[in-house]
Amino acid sequence: MELFDFQGLNCYSNCIVSAAHRLKVNWANAFVSMWSETDFRYDPVRKTYLSRRMIDDLARSGAQMRIYLCASPQDAEEAFSHVEEGEVFLVGMDAFDPHYFLAQKRAEGEFPCFDPTYSLQGVSISQKIVLERAFDITRLRKIPPAPDDSCPKECVRRECRAALKSHPILLQAFGHRIEECAVRDGERAALAARYADALISNRYLFRYYLEKHRLIGALDLFSDKKFYAKWTAVKNGFYKVSVSAAKESLLFELGERVESLLGREMRAARKFSENV
């Protein structure tokens, strides 16, 4: 089985991409709308923000996901009953840290495992262990893709217009987060850092789409290493705030950094919309 793990993917999303690829779905199309996404789903088990839009866009591309959160072995058994023999499904399991991998359902109860994060194949796991320890079992199945005759350039132009609408709202939301960090406990700043991390991942995935369709030159912001380094500095700044007593100057600096980054992104989006 071909496994995928590139910049922007985590152990959850690289499993989704690898499983979608096995279904022969054009999964890269799901990345074109990543830039303007702001409404992430927070996963309290893994303490990370996950893309809602990737799931919706994968369904439009022909891969439907059904997520079964498992609070008990009974929940896992119920979830597992929806997976058909031979299907590859996602397993979220907490050994030392929460982690996702892929398994293939087999009648004999020993399932081949595939782990894109560690390029691991050729090992197996028992059904008993999956049912005892899984906190998430997610099924992907192939469905008819939604008709879409838009060319890649038009798709990117549409995403630029979406970014121009979402970015002012995102800047305002960061302002509220910074205000909360000033008066609340460190967990608020840690949440802001995790949110920034999700934004960074989405920008890498959008870059993947641009590179695939040879449009990166028209939005060369996304090929600039310093651009990602500045977003990473925002993420790390919020983590620093979460453990710092003197945080006023840090928060002021973070506000300026976010405003500068989103302003640069909006200029790039406007230029592509008007000139390409």
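Is Arg157 buried or exposed? In this predicted model, Arg157 counts as buried, because its relative accessibility is 16% and the cut-off for buried is under 20%.

Arg157 belongs to helix H5, which covers residues 152-183.

Asp56 has a relative accessible area of 43%, so it is classed as partly exposed. Asp56 and Ala30 are 26 residues apart along the chain, and 8.2 Å separates their C-alpha atoms.

## The six-stranded sheet

Six strands form an open sheet with antiparallel pairing, in the order E3-E8-E4-E5-E6-E7. Strand E3 (63-69) and strand E7 (120-126) are the edge strands; each has a single partner, so one side of each has no neighbour in the sheet. From one strand to the next, the twist averages 30 degrees.

Helix H1, made of residues 11-22, lies across E3, E4, E5 and strand E8 (134-142). The helix runs at about 15 degrees to E5.

Strand E4 (residues 88-94) pairs with strand E5 (residues 98-104) in the antiparallel sense, over seven bridges. Three residues lie between E4 and E5 in the hairpin that they form. Within this pairing, Phe89 is opposite Ala103 of E5, and Asp94 has Pro98 of E5 as its bridge partner.

E5 also pairs with E6, in the antiparallel sense and over two bridges. Here Ala103 is opposite Cys113 of E6. The hairpin of E5 and E6 has five residues between the strands, and Gly109 in its turn has a positive phi of about 90 degrees. E6 in turn pairs with E7 over five bridges, again antiparallel. In that pair, Phe111 is opposite Ile125 of E7. Four residues separate E6 and E7 in their hairpin, where Ser119 in the turn has a positive phi of about 50 degrees.

How many of the residues of E5 are buried? The count is six of seven, so E5 is largely enclosed by the rest of the structure. For E6 the count is five of six residues, so E6 too is largely enclosed by the rest of the structure.

## The two sides of helix H3

Helix H3 spans residues 73-80, and its residues Ala76, Ala79 and Phe80 are buried. These three lie on the same side of H3, because they cover an arc of only 95 degrees around the axis. Gln74 and Glu77, on the other side of H3, are exposed.

What covers the buried residues of H3? The covering elements include E3, E4, strand E6 (110-115), helix H4 (127-133) and E8.

In soluble globular proteins, nonpolar side chains tend to be buried together. The largest nonpolar core in this model has 76 residues. Phe31, Val156, Leu219, Phe222 and Phe238 have the most contacts inside this core. Helix H6 (residues 186-212) contributes the most to the core, with 14 residues.

Which residues does Val156 touch, leaving out those up to four places away in sequence? They are Val32, Phe206, Tyr209, Leu210, Leu215, Leu219 and Phe272. A second core is separate and has 18 residues, including Cys70, Phe101, Phe111 and Val130.

## Cysteines

A disulfide is a covalent bond between the sulfur atoms of two cysteines. A search of the whole structure finds zero disulfides. For Cys11, the nearest cysteine sulfur is that of Cys15, at 6.6 Å, and Cys11 is in no disulfide. The cut-off for a disulfide is a sulfur pair within 2.5 Å.

Cys11 has a relative accessible area of 10% and is therefore buried. Cys181 is buried as well, because its relative accessibility is 1%.

Definitions and conventions. Residues are numbered from 1 along each chain as its sequence is written. This is a predicted model: local features need pLDDT of at least 70, side-chain atom pairs count only at pLDDT 80 or more; totals for chains, interfaces and linings use all residues. Side-chain values use heavy atoms; hydrogens and water are left out. Buried means under 20% relative accessible area, exposed over 50%, partly exposed in between (1.4 Å probe, protein chains only). Two strands pair if DSSP finds at least two bridges between them. Axes are lines fitted to C-alpha atoms, for helices over the stretch in contact, and angles run from 0 to 180 degrees between N-to-C directions. Contact means heavy atoms within 4.5 Å. The arc is that of the directions from the helix axis to the C-beta atoms. A nonpolar core is a set of buried Ala, Val, Leu, Ile, Met, Phe, Trp, Tyr and Cys residues joined through side-chain atoms within 4.5 Å.
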